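Hi,

Here is the structure I promised to pass on.

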Amino acid sequence: TILLGASTAHRSHYNQLYFSCLSLTLSRIWRSPVVVPSTLYILMRAPSREQYPTTRTSCLVAFAIAVFLGMLGTSISVCGPSCPSNSCPSAPYEYCQVLWNIKRVFFREGSPPPVDVSETTSDADTPKKKPRKNLWKKLFRRRHRSKKETSSSISQYPNAFAYEAKALPRDQAVLLAELTNSMKENVPDFEKRVAVVPWGGPGGSSWFSGDGSMLTTYLKIMKWPEDLTAKFPFKLCPKGCNSDVAVAHSLEWREKYKPWCMSPAGIKENTKGYAYTRGHSPSLKGDNTGYSLVWLRFPIHSVDDPIQWVRAVINTLDRAIADSLQRTSGKVGRFNTVFDGQGFTLSQLFGMGPIKRMITMLQDHFPDRLGIILMANFAKPAQIMVNLVKPLITKDVREKLYLLPDEPEARKDMLHAVIGEKHVPYYLGGTDEYRFDTNEYYSSKKHQCTDAESTEYVNTMPYHAS
């Protein structure tokens, strides 16, 4: 306490570090003579007389007190501005790392310092290494994350990564076969109609995959009903429907809504790029088969046309799924979403009606396509908005919401784990300098339509218009 009090008078973290090191090392100087060279080095590294005139005098006093305590065999437990604990939470992490290394190297004791939230494995899981010969490097070295720690951080977000598809259990395989036959028998011209509504529009990936993976997403949401009867879609079948109703319902929606279609009014609504897809998440294999990335920046735009605002979001998700299917030869078809709430204000809430209709579309026609949602820069107004939306989404989706931490290192680690370093945009502190450009993003003429075509579903499919 005396040593830390004296060092605080100089109001310098470095002075406090010197005295803390002295109190730790000299308290057992007789038991560990090897610490003498490092102690002298610390004394020599003290600030110059011109910077702090009383520093060297204080060092001598500290030296004398520490030697006296060392003769008594007293061990000093150091805490204060150099150790971020409950009593001093604002101190830099590096100081506590140094002190912990000192205690571990010299005295074979001491618990590890508190780690960043990005650290996911305990020291017990990390293989112990023999001390290095270089004493100074041993004191001030920084811990580096091992491969085991990296893979562990990825395992925190299992829904964000693609895994090898496993063969379905026999009972589920039977249900899948039954639903496939039911669709072909009960839906008129099923295969012809499917051919003209691919993911991403003309030239995209087939909406109805031959391997049954598309129907599997519906059955998974329905919890694999034994009699193929489920309360899905939730709004359409509150008392239960046959499973083929849900698939036929989505087919009709794709025919009438045309999610790949963007009209001049829709393109104008998304001029600033509040919704777009770019890049993909890392793959567990190390290739390019990771989920597509969807970027939502709603606060940068004030809604002019709610119908076109919803269409821009739906179109982005449809494009993302098409991109994922193309990169994985039709095997994956999923996306992760980053929602940036920077600058959001309550005045930007334009009504819950369009949001409810959009959520209904996503639940009915994009089952099991979402990986996770990372929410960044969510101040109080943005949190209020999320709390209003949460009751509208299912428990499964709510469990896929992750709030990005504010601490820079923890945020960076989370973004790199889920998104990949090269895809983190500049507005989240990354290196990707991509700027959204409507002419480039919506350059394909075959994916454009008229304003009338983009809104005709209001009359042809009123289920999604109310």
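Helices (H or I, at least four residues) and strands (E, at least two) are taken as DSSP runs and numbered from the N terminus. Keep in mind that this is a predicted model, where local features need pLDDT of at least 70 and side-chain atom pairs count only at pLDDT 80 or more, while totals for chains, interfaces and linings use all residues. Residues are numbered from 1 along each chain as its sequence is written, and side-chain values use heavy atoms, with hydrogens and water left out.

On to the chain: it has 20 helices and seven strands. Of its 466 residues, 49% are buried (under 20% relative accessible area, 1.4 Å probe, protein chains only). Take the contacts (heavy atoms within 4.5 Å) between residues at least 6 apart in sequence: 72% of them link residues at least 24 apart.

Now the cavities, meaning sets of points on a 1 Å grid over the protein atoms alone where a 1.4 Å probe fits but cannot get out. Two come to 30 Å³ or more, with volume being the space filled by probe spheres set on the points, joined across faces, edges and corners. Two elements give two or more residues each, α13 (306-327) and α14 (352-365), and α14 has the largest share with four.

Cheers

Technical notes
Buried < 20%, exposed > 50% of the residue type's maximum accessible area, 1.4 Å probe, protein only. 1 Å grid on protein atoms, 1.4 Å probe; cavity = no way out; pocket = protein on both sides within 12 Å on 5 of 7 lines; lining within 4 Å.
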